[in-house]
Amino acid sequence: MDTDAVRQRLLRRRDELRQRATETNADLRHEADPLSADFAEQVTQRENDDVLGALSESAQAELQQVDGALRRLAAGRYTYCAVCGEQIEPERLAAVPYTDRCRICAEAAASAAGRGARN
Ligand SMILES: [Zn+2]
């Protein structure tokens, strides 16, 4: 598998989601914030949280999944199902590059959804 290509694809997706969050946040705010550079630096972390808070829940969930996929990629566990440990189907990874489980486990999780099951 071409992990570099996968990483690039995931990073691009993460940038898209963050960009969307920034734009949404700017829309919500309307007024320009004339902060000093020093002060702006101090609030960067808080601002990041605010920015991500502007994303829809589904976009936030996807962003977390993309981050998780990048971590698994770095750890060499990207192609392994987080639930059963089997290899995730390559065509599934191609279709859903941030998934952390194989088709069977994903279907099991989907049918368990609503009962608060996770992992
Ligand atoms: Zn599995």
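Leaving aside its neighbours within four places in sequence, with which residues is R20 in contact? Contacts were assigned where the C-beta atoms of two residues, placed from the backbone, lie within 7 Å. On this criterion R20 is in contact with L55 and A59. The model is a predicted one, in which local features need pLDDT of at least 70 and side-chain atom pairs count only at pLDDT 80 or more, whereas totals for chains, interfaces and linings use all residues. Residues are numbered from 1 along each chain as its sequence is written.

The protein has 6 helices and 0 strands, and its elements run α-α-α-α-α-α from the N terminus on. Helices (H or I, at least four residues) and strands (E, at least two) are DSSP runs, numbered from the N terminus. Of contacts between residues at least 6 apart in sequence, 59% join residues at least 24 apart. Burial was assigned from the number of other C-beta atoms within 10 Å of a residue's own, the C-beta atoms being placed from the backbone: 20 or more for buried, 12 or fewer for exposed, and partly exposed in between. Buried residues make up 11% of the 119 residues in the protein.

Helix α1 spans residues 3-29 and contains R18; R20 also lies in α1. R20 counts as partly exposed because it has 16 C-beta neighbours inside 10 Å. R18, with 17 other C-beta atoms within 10 Å, is therefore partly exposed. The C-alpha atoms of R20 and L52 are 9.3 Å apart in space, and the two residues are 32 residues apart in sequence. R18 and L63 are 45 residues apart in sequence, with a C-alpha to C-alpha distance of 8.1 Å.

Helix α4 comprises residues 57-75, 19 residues in total, and reaches 27 Å from its first C-alpha to its last. This is close to the expected 27 Å, the expected span being 1.5 Å times one less than the number of residues. The buried residues of α4 are L63, V66 and A69. Seen down the helix axis, these buried residues fall within an arc of 120° and so line one face of α4, the arc being that of the directions from the axis to the C-beta atoms. The face turned away from this buried side carries the exposed residues E57, A61, R71 and A75. G76 follows α4 and has a positive phi, near 75°.

A nonpolar core was defined as a set of buried Ala, Val, Leu, Ile, Met, Phe, Trp, Tyr and Cys residues joined through C-beta atoms within 7 Å. The largest such core has 6 residues, L10, L63, V66, A69, Y78 and Y98. The most is given to this core by α4, with 3 residues. Leaving aside its neighbours within four places in sequence, L63 is in contact with R14, L17 and L55.
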